[in-house]
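Visitor: Please take me through a single part of this model in detail, beginning with the whole chain and then moving to the sheet and the helices packed around it.

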Amino acid sequence: MGVIETAKLQAKDTAKTTESVRQSLPLGQILPGDCIEAMRSLPDNSVDCVFADPPYNLQLGGDLNRPDGSHVDAVTDEWDRFDSFRVYDDFTRGWLTEARRVLKPDGSLWVIGSYHNIFRVGAILQDLGFWILNDIVWRKTNPMPNFKGTRFTNAHETLIWASQGEKARYHFNYRAMKTLNDELQMRSDWVLPICSGGERLKENGKKAHPTQKPEALLYRVLLATTEAGDVVLDPFFGTGTTGAVAKRLGREWIGCERESFYRGVAEKRIEKELPLDESALKTMQSRKAAPRVAFGALVENGLIPPGTKVFDKKRRWIATVRADGSLDHKGQTGSIHGLGKDLQGAPSCNGWTFWHYEAGGEIQPVDAARQLYLLANED
């Protein structure tokens, strides 16, 4: 047998093995109980991405009250309590070890945390062989103030993005991120609002989860480092933000969650979620007003969701908004500015005023959505 034939057979065997492993995965399920034990039930090298929002071990001292005396609903749940740093470190090492085992060689690990825990998590994941690619600062547009006035207001959290090792291959949709950011390189500081308003899940009038993450954050993470059909594992599933966004973006998901209340909330939430149309999921693969807002921010926050039809005022051209904020007109793609320029054969184009969309039975320029975004996120 020749070298080429041998290589083809090996490729077929690899494909069969990969498919067999995939079929054994509990896709679209929330595994109950301890996350370390739950992950041990998964095969080696079986998931494409792990997004983890572990307990922060906040070490809060006593109750926190606002100046008017009202109580602040902080994280005081049993699942965030650890007897010592050593106990927390052992727990962290345990779940990270399993995450490393189940991740594919080219898979990505994402961990989010606060100053209470992220540095300990970062040191441990480096000890285990992960290679840090970026630390992302999520700067909150509407953080909770420091009511005691004794410290700076905690206005950000940190995400660590890591590969399996220094030489490991990993997936990064650079072009999609640039398109999402109005043709500028996506930076490592992400300005996004905390979860609030209609997105904040409530049960019996109370927050369903104290640390629910905004869908826009997961949208950016998954769009940046996964492809449609990839498997995303969330060991601390909570109320299912990862699963909801993964389903919408055409990714498969697996969750681990020990709290039955959170599992119930997440299941109801994800059941209502609808996947985007395949054409809207396609992203760019190649090739300034103040305050500046990227069109992608409107897309990932749902003001102009993927699949929306936009058109010029005379309806000469109709384009579809895609998941990364690019537009598609009969196979011709580009940003809101670039595609508008190309279609008109013009030297430039202000896409904010050129493109229009229909909302509530009214035709509006996409700039109207930008103004809504600015109004909702003004300091």
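Guide: Of the protein's 379 residues, 48% count as buried. The model is predicted. The secondary structure comes to 13 helices and 16 strands.

The part to look at is an open sheet of eight strands with mixed pairing, in the order E1-E10-E9-E2-E3-E5-E4-E6. Its edge strands are E1 (29–31) and E6 (189–192), each of which pairs on one side only. On average, neighbouring strands of this sheet are turned by 20° against each other, direction ignored. In general, the strands of a sheet pair through backbone hydrogen bonds, either parallel or antiparallel. Strand E4 (residues 131–140) and strand E5 (residues 156–163) pair in the antiparallel sense, over eight bridges. Within E4 and E5, Ile132 stands opposite Ala162.

Helix H4 (residues 118–127) packs on part of this sheet. Ile118, Val121, Gly122, Ile124 and Leu125 of H4 are buried. The buried residues of H4 pack against E3, E4 and E5, and also against helix H3 (85–102). After H4 comes Gly129, which has a positive phi near 110°.

H6 lies across strand E2 (47–52), strand E3 (103–113), E4, E5, E6 and strand E9 (231–234). Relative to E6, H6 runs at about 140°.

Two packed helices are described by the angle between their axes and the distance between the axes. The axes of H6 and helix H7 (residues 241–248) come within 9 Å and cross at roughly 55°. H6 and H7 are therefore oblique to each other. H6 passes H7 in a right-handed crossing. On the H6 side the contact is made by Glu215, Leu218, Tyr219 and Leu222. On the H7 side the contact is made by Thr241, Thr242, Ala244, Val245, Ala246 and Arg248.

H7 in turn packs with helix H8 (residues 260–272), at an angle of about 15° and with the axes 9 Å apart. H7 and H8 are therefore roughly parallel to each other. The crossing of H7 and H8 is right-handed. H7 contributes Thr241, Gly243, Ala244 and Lys247 to this contact, and H8 contributes Arg269, Ile270 and Glu271.

Val299 lies in helix H10 (residues 295–300). Val299 counts as buried because its relative accessibility is 2%, under the 20% limit.

Ser335 lies in the loop between strand E14 (332–334) and helix H11 (336–344). Ser335 counts as buried because its relative accessibility is 7%. Not counting residues up to four places away in sequence, Ser335 touches Glu183 and Gly340.

How values were computed: Residues are numbered from 1 along each chain as its sequence is written. This is a predicted model: local features need pLDDT of at least 70, side-chain atom pairs count only at pLDDT 80 or more; totals for chains, interfaces and linings use all residues. Side-chain values use heavy atoms; hydrogens and water are left out. Helices (H or I, at least four residues) and strands (E, at least two) are DSSP runs, numbered from the N terminus. Buried means under 20% relative accessible area, exposed over 50%, partly exposed in between (1.4 Å probe, protein chains only). Contact means heavy atoms within 4.5 Å. Two strands pair if DSSP finds at least two bridges between them. Axes are lines fitted to C-alpha atoms, for helices over the stretch in contact, and angles run from 0 to 180 degrees between N-to-C directions. Angles under 35 degrees count as roughly parallel, over 145 as roughly antiparallel, 65 to 115 as roughly perpendicular and the rest as oblique. A crossing is left-handed if the near helix is turned anticlockwise from the far one by less than a right angle, and right-handed if clockwise.
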